[in-house]
Amino acid sequence: MKVYDAIVTRRSTRLYKDQPVDPRLLETVIEAGRMAPSGGNSQTSHFMVITNRELLAKTAEMVMKSFAAMEVTEGMYRSKASAITRAKAGNYVFYYNAPCLIVLANDKDYGNNMADCSCALENMMIMANELDLGSCWINQLRWLNEDKDLINLFRQLGMKENERIYGALALGYPATEDGLPVRKPLPRTGNEVTYIK
């Protein structure tokens, strides 16, 4: 697959097979993220790769509890409001039961923390598509990056004192009929382009 094709056919996967990701493919996805650009070539993104099912389930319970304690407010980002509503209903698994969750943290005081993590996440999503893996960008841990219980959990997993989470990636084999990611490009109805000559 050519790079452009991998980009335009990348779609978010929200339904995964209950099958661990081949370690060689997982390593390739992670390396694609590690090769992403960073401000001043700082390379300060911290990749925490979770494949332990019990830990994933524990994290999902903590996330659901945190969102269930929140209230939806007017003008709130639609996905965050949905997370709160679904958490209150008690059936919310923020990472779509993917067999792997790659969590990206960075220095909370570094000005490019979100940008650097975003570049890494995009690289990983494109590589996942190339490798016939499904992926989905996960914001929920970033929205909770000052939640004391989650901070303590991720510190136990290796997150440093000065780090916070700026994004995550659900990764696995798509639960589609052919086992491949859905690749039909969605039409662009936004993302305006203005040429200045």
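Reply: A buried residue has under 20% relative accessible area, an exposed one over 50%, and a partly exposed one falls in between (1.4 Å probe, protein chains only). Both F67 and Y92 are buried by that rule. This is a predicted model, where local features need pLDDT of at least 70, side-chain atom pairs need 80 or more, and totals for chains, interfaces and linings use all residues. Numbering starts from 1 along each chain as its sequence is written, and side-chain values use heavy atoms, without hydrogens or water.

Start with the rings. Rings of Phe, Tyr and Trp (its six-membered ring) pair when their centres lie within 6.5 Å; planes under 30 degrees apart are stacked, over 60 edge-to-face, the rest tilted. F67 sits in helix α3, while Y92 sits in the loop between α4 (78-89) and β2, so the pair ties together parts that are 25 residues apart in sequence. Helices (H or I, at least four residues) and strands (E, at least two) are DSSP runs, numbered from the N terminus.

F67 has another partner, W143. Here the ring centres are 6.2 Å apart and the planes stand at 90 degrees, so this pair is edge-to-face. It links distant parts of the chain: F67 belongs to helix α3 and W143 to helix α6, 76 residues apart. Both F67 and W143 are buried. Ring pairs link F67, Y77, Y92 and W143 into a cluster.

Helix α7 spans residues 148-156, and its buried residues are L150, I151, L153 and F154. These four cover an arc of only 160 degrees around the axis, which puts them on the same side of α7. That arc is taken from the directions from the helix axis to the C-beta atoms. The face turned away from this buried side carries the exposed residues K148 and Q156. What covers the buried residues (contact means heavy atoms within 4.5 Å) includes β1 (46-50), α3 (53-68), β2 (100-107), α6 (140-143) and β4 (163-172). Just after α7 comes G158, with a positive phi of about 115 degrees.

Charged side chains make links too. The structure holds eight salt bridges, each a side-chain nitrogen of Lys or Arg within 4 Å of a carboxyl oxygen of Asp or Glu. One of them joins D132 and R183, whose closest N and O atoms are 2.7 Å apart. This pair links distant parts of the chain: D132 lies in the loop between α5 (113-130) and β3 (134-138), R183 in the segment after β4, 51 residues apart. D132 is partly exposed, at 32% relative accessible area.

Another salt bridge stays within a single helix. R34 and E31 meet with their closest N and O atoms 2.9 Å apart. Being three residues apart in helix α2 (residues 23-34), R34 and E31 are separated by about one helical turn. E31 is partly exposed, at 28% relative accessibility.

R24 and D22 form a salt bridge as well, 2.9 Å from N to O. R24 is exposed at 64% relative accessibility, while D22 is partly exposed at 22%.
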